[in-house]
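Reader: I'm new to this one. Could you show it to me and walk me through it?

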Amino acid sequence: MMERIFETIKQIAVKISNEIKFADLGYTDHANATGDTQLKLDVLSDEIITREFANLDCVKALVSEEKDEMLSLNENAKFIVAYDPLDGSSLVDVNFAIGSIFGIYENELKPENLVASAYSVYGPRLELVICTDKPKLYRLNKEGKFQFIKDLQLKEKGKLNATGATQKGWSDTHAKFIRELFERGYRLRYSGAMVSDLHQILLKGGGLFSYPATTDAPNGKLRVLFEVLPFAFIYERAGGVTSDGYSASLFDIKIEKIHQTTPCFFGSKEEIKTLHEFYGSKNG
Ligand code: AHM
Ligand code: MG
């Protein structure tokens, strides 16, 4: 059953990738649940995904960054697919790599029920990472098929540091922590599309991606169900560690609503160990 979901994700990736090449880059006059103005491409990608999953009888419901509510499909089916149809879409106009993110939950939208995740990267090449047990990298070949490239594994420590949000809204703790990583020789890499930034760190073997709490967004920006947990699943299965700054894992979070956000940190072991030295425990 899961294989059918993965096959559908492959078809979706090819379709969205083709649309991105030639579609209208304009905005719609709608905002999504998190208040971002939707691009026509966000809506188109959401429609492609909805249409493809509507054919699958093993999918119970869909949860999308671009839909206010959960969309029910087959009441007695087992899987709920939560997705960000086009992450980083505001970077299409500058021709940067962007992607789609998918989390597959069994029966209920709870962190421990996430059973698989996947993301596609629309860059110079079309790549797909699919993870149940270990993350696997695939790349579209000349024949239009996704070819398995390799298993992905993080090293104990990396060299890259990607951190988001407006720096004037960072806490002193976050600013000191990030400065320390640069003091230790880390290089800055941040494009503004989490898919590409997390993909780069994963493929280069390690480092840190963070989107912290800020004064104007105390719960961060990135969405738990369809951005944060799918990547946390992949990073932890690649031998990395995740946290909200204080927790031992992003999987410790309680879900209260579908568009909930959280501060988030994804890294190899060493960087997250340093994170805990700086952040300490929430209550001092
Ligand atoms: P989107 O899903 O609307 O594209 O927004 C999510 C993106 C992430 O890909 C990225 O990490 C973050 O927003 C960038 O935000 P900022 O510019 O505040 O660092
Ligand atoms: Mg996104």
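Author: The protein exposes about 13300 Å², and carbon and sulfur atoms supply 47% of that area. Accessible areas come from the Shrake-Rupley method with a 1.4 Å probe, and for residues only the protein chains shown count as cover. This is a predicted model: local features need pLDDT of at least 70, side-chain atom pairs count only at pLDDT 80 or more, and totals for chains, interfaces and linings use all residues. Residues are numbered from 1 along each chain as its sequence is written, chains are lettered from A and ligands numbered from 1 in the order in which they are written, and side-chain values use heavy atoms, with hydrogens and water left out.

Reader: Switching to Glu227: where is its place?

Author: Glu227 sits in helix α5, residues 224-237. Helices (H or I, at least four residues) and strands (E, at least two) are DSSP runs, numbered from the N terminus.

Reader: Buried or exposed, that Glu227?

Author: Glu227 is buried, because its relative accessible area is 0%.

Reader: What does the side chain of Glu227 reach?

Author: The backbone nitrogen of Arg223, at 2.8 Å.

Reader: And which residues is Glu227 in contact with, leaving aside neighbours within four places in sequence?

Author: Glu65, Asp84, Asp87, Ile101, Met194, Lys221 and Leu222. Contact means heavy atoms within 4.5 Å.

Reader: Back to the whole protein: how many helices and strands?

Author: There are six helices and 15 strands.

Definitions and conventions
Buried means under 20% relative accessible area, exposed over 50%, partly exposed in between (1.4 Å probe, protein chains only). A polar contact is a pair of N or O atoms within 3.5 Å; within protein, one must be able to donate a hydrogen and the other to accept it, and residues adjacent in sequence count only if both atoms are side-chain atoms.
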